[in-house]
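Please have the sequence and the structure open as you read.

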Amino acid sequence: MSHDSTAAPESAARKLSGRRRKEIVAVLLFSGGPIFESSIPLSVFGIDRQDAGVPRYRLLVCAGEDGPLRTTGGLELTAPQGLEAISRAGTVVVPAWRSITSPPPEEALDALRRAHEEGARIVGLCTGAFVLAAAGLLDSRPATTHWMYAPTLAKRYPSVHVDPRELFVDDGDVLTSAGTAAGIDLCLHIVRTDHGNEAAGALARRLVVPPRRSGGQERYLDRSLPEEIGADPLAEVVAWALEHLHEQFDVETLAARAYMSRRTFDRRFRSLTGSAPLQWLITQRVLQAQRLLETSDYSVDEVAGRCGFRSPVALRGHFRRQLGSSPAAYRAAYRARRPQSERPVDPDPAGAGAPRPSVPADPAVLPPESSVPFQTRRTAAPVPAAAGVPVQRGAS
């Protein structure tokens with residue numbers, strides 16, 4: 001799932017300055033960057049695959065700071081270009097940043113700002129979003145990054161609209177992706193935007209990856225929160241919520257357990273996690289439903305009840321919004337991928353009966369591939385009231 005540029009902002013239509021060329025892609029490398037993320041744009045934009053029907057880009061590999069640049073495994077890289085080469089690029093890619101706690105070099109940030117002002121498309125893969133945010137290029141924009149770092153990005157740059165559910169976000173002239181392999185998804189999207197589906201499909205076949213992946217990062221999320229919350233009084237309330245997801249309660253209940261007003265609770269929760277408590281709670285309920293669909297044979301109605309939703313309709317709406325498919329289609333696709341011997345029994349977290357083993361799906365009734373659609377949107381859909389999680393007036 002992705003924020004797409006189907007309704008791209010006016011900034012996406014800005015013309016490049018005279019010295020920049022649309023076909024030139026500059027990749028900005030830093031010391032300490034992981035080699036996998038760094039290699040993705042180099043492979044996508046730096047190899048001539050015209051024989052396979054993939055239009056050629058001109059690649060400039062640029063050092064964002066003085067070298068040599070050290071990367072994964074102690075390897076040392078020497079970039080053939082410096083920051084000055086960015087001035088010729090129509091697209092600038094920051095594949096990763098070495099540490100989410102350290103500031104990027106100011107010279108590199110200035111180069112990115114100039115490139116953006118001159119009409120270049122700026123791309124951040126994984127933690128590269130932190131570099132774009134430090135340059136001010138994500139202010140008041142939707143963005144994503146690796147789900148594990150999304151709360152930190154939201155907390156450090158509160159003006160950025162961070163959505164940890166997305167594989168990538170296309171906001172026209174500024175694009176960001178989730179972690180590692182999602183960088184491939186975004187690079188394929190760029191090729192698709194520039195040259196069409198056929199070119200992107202040809203490149204995907206050469207890379208042996210799907211042209212588009214359905215769903216988002218939700219399937220990879222865990223129940224953890226940033227380490228900073230561990231010593232905070234809210235940690236006990238969060239732990240209670242995770243242990244009682246099978247019960248019907250709302251954010252007012254959590255605020256009361258924290259001995260705070262709803263407004264104060266919302267503010268404290270958002271400052272610690274980067275997420276509104278209502279959205280966090282809905283996400284946790286959907287994740288719990290996802291686990292039950294994978295590990296049990298409970299009906300969708302039963303799963304809804306065991307995850308705190310008052311009706312299957314509420315579960316289906318939030319499940320589709322977050323994972324891009326219906327609960328039934330998700331379960332069928334999951335079982336089709338796993339042999340019966342690997343399917344665990346339901347741990348029955350709600351304590352409502354003996355474990356019920358999963359049963360194999362009948363291949364004859366598996367939904368077609370199109371039943372798990374690839375969805376695109378530019379802005380996140382508003383979250384309606386979930387059963388058991390009512391929207392409060394004046395809530396964040």
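## Cysteines

A disulfide is a pair of cysteine sulfur atoms within 2.5 Å. Searching the whole structure turns up zero disulfides. Cys126 is buried, at a relative accessible area of 5%. Cys187 is buried too, at 1%. Buried means under 20% relative accessible area, exposed over 50%, and partly exposed in between (1.4 Å probe, protein chains only).

## Basis of the model

This is a predicted model: local features need pLDDT of at least 70, side-chain atom pairs count only at pLDDT 80 or more, and totals for chains, interfaces and linings use all residues. Residues are numbered from 1 along each chain as its sequence is written, and side-chain values use heavy atoms, leaving out hydrogens and water.

## Aromatic pairs

Rings of Phe, Tyr and Trp (its six-membered ring) pair if their centres lie within 6.5 Å; planes under 30 degrees apart count as stacked, over 60 as edge-to-face and the rest as tilted. The whole structure holds seven aromatic pairs. One of them joins Phe30 and Trp97: the ring centres are 4.9 Å apart and the planes stand at 90 degrees, so this pair is edge-to-face. Both Phe30 and Trp97 are buried.

Elsewhere, ring pairs link Phe265, Phe269 and Trp280 into a cluster.

## Charges over rings

A charge sits over a ring if NZ of Lys or CZ of Arg is within 6 Å of the ring centre and within 35 degrees of the ring normal. Arg285 lies over the face of Phe249, 4.7 Å from the ring centre. Arg306 lies over the face of Tyr298, at 4.0 Å.
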